[in-house]
Amino acid sequence: MIKFPAQPRLILAALISAAFLSACEQPQSDETKKEEPNTAFESTYKVKSYHPVLIKNATVLTAAGDRIDNGSLLFKDGKIVAVGTNIEIPADESLEVIDAQGKWVTPGLIDVHSHLGVYPAPGVDSAADGNEMTAPVTAEVWAEHSVWPHDPQFELALAGGVTSMQVLPGSANLIGGRTVTLKNVPARSVMEMKFPGAPHGLKMACGENPKRVYGSKGRSPMTRMANIAGFRAAWIKAADYKTQWEDYENREGNGKAPKRDLQMETLAGVLKGEILIHNHCYRADEMALMMEIADEFDFQISTFHHAVESYKIADKLAQNNVCSALWSDWWGFKQEAFDMVPENVALVEKAGACAIVHSDSPTGIQHLNKDAAKSMASGNAMGMNITPEKAIEWITINPAKSMGIGDQTGTLEAGKMADIVLWDGNPFSVYTKAEKVFIDGALMYDRLDEKYQPVSDFQLGQYDFEVKAQEGGAQ
Amino acid sequence: MSLLKAKTLIKPIVAALSVISLMASVSSAETTLIKGAKIHTMSPQGVLESGDVLIEDGVIKSVADDLSIQADNIIDGKGKVLTPGIFALINQIGLVELGSLDQTADMATDNEEQGASFRVDQVFNHNSTLIPVNRSNGVTRTLIAPSLGYYIFAGRGAVMSLDGDYNALIAKDVAIFAAFGERAADMSGGSRASTLYQLNQALDEARIYKNNRSAIELGEFRELHYSIEDLRALQAVIDKRVPLIISANRESDLLTLLDFAKQQNIKIAFAGAAEAWRVAKQIAKADAAVFVDPMDNLPSSFESLGKRYDNAAILSKAGVKVMFLGQGFLDSHNAYTVRHSAGNAVAYGMDYNKALAAMITTPAEYFGGDDAYGKIAEGFKAELVLWSGDPLEVTTLAEQVWIDGKATSMENRSTKLRERYKALDTDKNTGYRK
């Protein structure tokens with residue numbers, strides 16, 4: 001077995017995310033550009049200008065460990081300025097003060113698993129662009145090239161308090177392609193939504209889907225063992241490709257450059273630690289195998305998605321620093337989703353591993369807070385003491401870390417992006433709704449003000465809903 | 001308990017539905033007293049903020065603020081909430097084990113003779129893992145329904161108990177299911193107009209069958225498009241004994257179908273009904289019931305662009321009988337989450353009591369009124385759930401479920417797996433933990 005020398009992967013990952021930060025803050029020189037083959041499709045997201053805002057008298061969950069009763073939150077120019085009970089209020093005429101008595105404030109919610117834009121509504125073949133089911137390895141495709149910014153489901157997610165999300169390719173393939181992290185803002189192109197500085201992810205899938213999709217066509221993989229062989233073959237090629245480029249770079253421009261290969265660029269990006277692995281994997285035994293592959297080829301798996309059986313190996317997930325992205329209680333739609341326990345999230349948390357509540361659903365993404373609430377309640381019924389200030393991490397900072405954007409967003413801390421939700425009550429209640437949603441300090445959604453309720457190009461002018469509502473039913 | 005359950009009398013039945021009442025055999029007059037719970041009686045007695053319920057022989061004996069009596073079992077309900085069990089609607093519990101495995105699924109057929117007549121209650125699997133999972137989460141009965149198979153009539157629905165017994169049937173043939181709209185058009189020739197033609201043709205032939213039964217049975221009649229079994233099944237629809245529940249979404253489709261129902265003089269109901277809120281008054285006037293999923297607001301098809309969360313609230317305010325469907329493809333395995341859907345309906349404007357009724361009392365009345373389920377009142381079945389709090393709330397859990405007065409097991413595969421794996425650090429040899 002070929003073993004690359006073990007690397008301190010955690011430190012490496014931290015350095016990489018720091019490098020991303022500086023890369024987006026400083027203009028790149030021509031020299032560095034030459035070494036970066038992919039400068040196309042970069043983020044053109046712009047922070048919207050907005051006046052400074054102070055939210056006061058709120059119950060604030062910072063997602064950095066604290067619950068602050070009667071708390072205040074000040075943000076300005078896209079960034080959080082201060083959080084606490086006794087913060088200095090600037091003398092600024094443009095400051096808007098929101099009295100949030102009885103209301104709660106959390107970071108903007110983050111969904112680590114979404115297909116908005118790539119499987120838009122309406123769900124018709126002409127717009128279903130999420131799954132390139134033509135070969136088991138399609139590392140060359142990027143989800144962002146399928147994202148339709150006018151998917152009306154984006155604004156529904158916004159009304160549910162979601163400020164950022166990762167959009168992934170589907171799970172038919174062993175290696176499905178690059179994911180993209182988006183700010184949930186109306187836009188004309190995907191570039192205008194791309195989260196500045198967010199690393200790409202790579203979607204991989206274990207288990208039933210690849211073997212069913214390709215096995216039914218008489219192709220490999222037809223079995224789980226061929227799934228594993230397919231992964232390993234791809235990583236062997238990728239390691240070789242990476243070495244070719246490193247050799248070329250070590251020759252400082254002398255000699256012929258290797259031929260670019262889109263598949264291999266993505267996979268080599270993983271081996272270099274620049275692209276994060278997001279691995280659809282339900283069963284514990286398969287997750288264990290995937291961690292062996294990661295060990296063999298010396299990469300880090302960021303997150304197992306839909307990991308219905310994480311609770312069985314929560315200790316190993318903690319050891320390997322792999323996150324689990326979970327539903328509270330979905331089960332039974334296929335065999336690998338048979339062993340659901342509603343305490344899954346709580347048991348992963350209990351083991352000290354990184355727990356995330358995700359949606360994989362245009363409905364679920366509107367209710368991440370309630371799914372987290374269910375997981376919290378199940379954990380507490382088992383005797384744990386999971387507080388709202390802990391559970392909020394499952395839908396904010398933990399997915400942010402999993403996606404490599406934890407330094408920029410996901411908590412309410414000074415200096416971070418002002419991605420904020422003002423809830424009309426305790427967000428862990430079925431009756432609570434997001435009232436106002438701010439992205440980078442700008443009000444992007446207001447339940448009480450139609451001006452701040454975006455409507456997609458697609459839905460504009462389709463029906464005059466409100467007028468009919470009055471005529472049709474409500475007395 | 002043995003498979004042979006004591007079958008009690010066949011109760012008087014409404015609208016000639018064949019209703020079989022099943023009650024657990026209880027060896028002696030066992031009594032259970034639930035004390036001090038907040039009780040949603042779902043009856044004119046309203047909500048008791050702190051009340052007592054006495055159960056005897058599987059039946060509710062009395063309900064009052066304070067019953068100072070002794071009982072075999074006394075349950076402390078303080079701080080908890082008592083409701084009748086949830087009546088889950090239009091799902092495939094007992095008909096499917098794992099969604100992606102066809103060999104575990106019996107909800108649809110490609111047999112072209114079986115449309116309206118297709119019934120699935122006889123193949124209900126009482127040992128399905130879906131039953132304990134849903135029951136321990138507060139679901140005590142369900143309306144199972146076939147899925148679309150060969151043509152636009154899916155078949156007949158039945159009400160089943162989740163008590164885990166083979167004799168689970170509560171009421172058979174309570175509705176016939178059909179479809180209209182995009183998918184049905186595809187199945188019926190490519191146009192909604194063909195679907196409408198087929199719906200009319202089926203009911204017309206059912207009437208022809210009614211008037212020429214013997215000639216048709218003897219083969220002395222012209223050939224008909226529908227099988228004799230299907231035409232027999234449709235008698236219940238043309239005689240207005242059971243509703244024809246049609247899944248339909250677009251405003252124009254709903255209006256077209258109201259028209260169709262009026263012309264055919266049948267009892268119609270809508271499932272899905274994305275744009276029903278736009279024609280709530282017309283639906284109310286026609287006295288058509290509507291089955292909605294209050295968690296679904298996605299414009300997921302061109303026929304449901306007007307879908308919204310306050311559909312249930314608007315319909316309910318307009319006087320329409322509203323009942324709740326489960327959540328999308330999770331409507332069977334996770335049927336119990338309908339209570340969270342009900343909570344969402346309340347969050348978007350529906351009256352709380354109506355939302356609670358939409359998954360308990362409203363379907364109880366709609367599908368066979370004298371079954372003595374759906375209210376916490378004297379003489380009603382002790383089919384009850386004690387909740388840790390507000391049953392519509394996401395942080396609430398079911399603590400005890402009774403069916404026919406019997407405390408049912410709160411264990412299921414999930415609780416077993418949890419117990420097996422909750423303490424990984426002490427002993428990893430998990431295979432021996434049972």
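Guide: Start with V60(A): its bridge partner is I68(A), in strand β2 of chain A. Keep in mind that this is a predicted model.

Visitor: Okay, which strand pairs with β2(A) there, and in what sense?
Guide: That's β1(A), residues 53-61, which pairs with β2(A), residues 67-76, in the antiparallel sense over six bridges.

Visitor: How many residues sit between β1(A) and β2(A)?
Guide: Five, and the two strands form a hairpin. In the turn, A63(A) has a positive phi of about 65 degrees.

Visitor: And what does β2(A) join after that, going by bridges?
Guide: Five bridges link β2(A) to β3(A), residues 79-84, and those two run antiparallel. F75(A) is opposite I80(A) of β3(A). This pair makes a hairpin as well, with two residues between the strands, and D77(A) has a positive phi near 50 degrees.

Visitor: Zooming out, what's the secondary structure of chain A as a whole?
Guide: Chain A comes to 13 helices and 16 strands. Of its 475 residues, 53% are buried. Among contacts between residues at least 6 apart in sequence, 71% join residues at least 24 apart.

Visitor: Switching to chain B: what order do the strands of its open sheet come in?
Guide: There are eight of them, ordered β6-β7-β8-β9-β10-β11-β12-β13, with mixed pairing. The edges are β6(B), 86-91, and β13(B), 322-324, each of which pairs on one side only. On average, neighbouring strands are turned by 25 degrees against each other, ignoring direction.

Visitor: Where else does I176(B) turn up?
Guide: In the largest nonpolar core, which has 262 residues. I176(B) is among the residues that touch the most other members, along with L73(A), F270(B), V290(B), F291(B) and L315(B). Strand β9(B), residues 169-179, supplies the largest share of this core, eight residues.

Visitor: Last topic: how many residues are in contact between chain B and chain A?
Guide: 46 residues of chain B are in contact with 49 of chain A. On the chain B side, the elements giving two or more residues are α8(B), α9(B), α10(B) and α13(B). α10(B) gives the most, with five residues.

Visitor: What kinds of residues are on that side of chain B?
Guide: They divide into 24 nonpolar, 14 polar and eight charged.

How values were computed. Residues are numbered from 1 along each chain as its sequence is written. Chains are lettered from A and ligands numbered from 1 in the order in which they are written. This is a predicted model: local features need pLDDT of at least 70, side-chain atom pairs count only at pLDDT 80 or more; totals for chains, interfaces and linings use all residues. Two residues are in contact if their C-beta atoms, placed from the backbone, lie within 7 Å. Helices (H or I, at least four residues) and strands (E, at least two) are DSSP runs, numbered from the N terminus. Ala, Val, Leu, Ile, Met, Phe, Trp, Tyr, Cys and Pro count as nonpolar, Asp, Glu, Lys and Arg as charged, and the others, Gly among them, as polar. A nonpolar core is a set of buried Ala, Val, Leu, Ile, Met, Phe, Trp, Tyr and Cys residues joined through C-beta atoms within 7 Å. A residue is buried if 20 or more other C-beta atoms lie within 10 Å of its own, exposed if 12 or fewer, and partly exposed in between; C-beta atoms are placed from the backbone. Two strands pair if DSSP finds at least two bridges between them. Axes are lines fitted to C-alpha atoms, for helices over the stretch in contact, and angles run from 0 to 180 degrees between N-to-C directions.
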